[in-house]
Amino acid sequence: MRAVVIYESMYGNTHVIAGAVARGLGGGNEVAVVPVAEATPDLLDGAGLVVAGGPTHVHGMSGARSRQAAVEAGHKDGSGLTLDARAEGPGLRDWFDAVGRIQGWGAAFDTRMDGPAVLTGRASKAIAKLLQRHGLTEIAPAQSFLVTKDNRLHPGEEDRAEQWGRALAAKLVPAI
């Protein structure tokens, strides 16, 4: 089975989680991990599973303004932030506006600040709805992976993402 893990990442956390999910999906599956800009219709054609994830900005999916603010914050002297190599490219919202129908299974994830979702928001809920709107059937509930106040993944989150990827792979066998 072929799976595609699509990510939007500003400071690298979501990119790391995408890679961990892909490692979990691995075992016998062909898995591609790509930034949003590389998630072309040709790449998605024939994929049995599409996993999409992005950072939570202003309680939901990022937008043009929140992405620009994140880039500016990353460029500030002394910020301690390092921009992901593809941070200044398109975001998931842009991709969803341009992508057509996709068939197969879908799953969504986000990275967000640690705290109750009612206070931090969750981009993954909107990502999951958009995956469904574009034709994918949800294979698992949306998942959040947590970052600290200094914008680092909480210890254990990368391992948890890999475990989630394994759980997704296990669901694919009976789902096919």
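Trainee: How many bridges join E3 to E4, and which way do the strands run?
Mentor: Two bridges join E3 to E4, and the strands run antiparallel. Strands pair if DSSP finds at least two bridges between them. Strands (E, at least two residues) and helices (H or I, at least four) are DSSP runs, numbered from the N terminus.

Trainee: What kind of model is this, and how are residues numbered?
Mentor: This is a predicted model, in which local features need pLDDT of at least 70 and side-chain atom pairs count only at pLDDT 80 or more, while totals for chains, interfaces and linings use all residues. Residues are numbered from 1 along each chain as its sequence is written, and side-chain values use heavy atoms, with hydrogens and water left out.

Trainee: Back to E3 and E4. Which residue is the bridge partner of His57 in E4?
Mentor: Gly60 is the bridge partner of His57. The hairpin of E3 and E4 has two residues between the strands.

Trainee: What is phi like at Val58?
Mentor: Val58 has a positive phi near 50 degrees, and it is a residue other than glycine. Val58 sits in the loop between strand E3 (49-57) and strand E4 (60-61).

Trainee: Why point that out?
Mentor: Most residues other than glycine have a negative phi.

Trainee: What about His59 in that loop?
Mentor: His59 is not a glycine either, and its phi is positive, about 70 degrees. His59 lies in the loop between E3 and E4.

Trainee: Is Val58 buried or exposed?
Mentor: Val58 counts as exposed because its relative accessibility is 72%. His59, at 49%, counts as partly exposed. The cut-offs are under 20% relative accessible area for buried and over 50% for exposed, with partly exposed in between (1.4 Å probe, protein chains only).

Trainee: And how many residues of E3 are buried?
Mentor: Nine of its nine residues are buried, so E3 is mostly covered.

Trainee: What else does E3 pair with?
Mentor: E3 pairs with strand E1 (residues 2-7) in the parallel sense over five bridges. In E5, Trp105 is the bridge partner of Leu49.

Trainee: Switching topic. How many aromatic pairs are there?
Mentor: The structure holds four. Rings of Phe, Tyr and Trp (its six-membered ring) pair if their centres lie within 6.5 Å; planes under 30 degrees apart count as stacked, over 60 as edge-to-face and the rest as tilted. One of the pairs is Phe109 with Phe145, whose centres are 6.2 Å apart and whose planes are at 70 degrees, so the pair is edge-to-face.

Trainee: Where in the chain are those two?
Mentor: Phe109 is in strand E5 (residues 104-113) and Phe145 in strand E7 (residues 143-147), 36 residues apart, so the pair links distant parts of the chain. Both Phe109 and Phe145 are buried.

Trainee: Which Trp pairs with Phe109?
Mentor: Trp164. The ring centres of Phe109 and Trp164 are 6.3 Å apart with the planes at 70 degrees, so that pair is edge-to-face. Trp164 is in helix H7 (residues 157-175), 55 residues from Phe109. Phe109 has a relative accessibility of 0%, and Trp164 is buried at 9%. Phe109, Phe145 and Trp164 form one aromatic cluster.

Trainee: Now H1. How many of its residues are buried?
Mentor: Eleven of the 14 residues of H1 are buried, so the helix is largely enclosed by the rest of the structure. The buried ones include Ile17, Val21 and Leu25.

Trainee: What follows H1?
Mentor: Gly28 follows H1, with a positive phi near 90 degrees.

Trainee: Last topic. What is the volume of the largest pocket?
Mentor: About 240 Å³. On a 1 Å grid over the protein atoms alone, where a 1.4 Å probe fits, a pocket is an open set of points with protein on both sides within 12 Å along at least five of seven lines, and lining residues have an atom within 4 Å of a point. The volume is the space filled by probe spheres set on the points, which are joined across faces, edges and corners.

Trainee: Which residues are closest to its centre?
Mentor: Of the 15 residues that line the largest pocket, Pro55, Thr56, His57, Val147 and Asn151 are the closest to its centre. H1, E3 and E5 each supply at least two residues of the lining.
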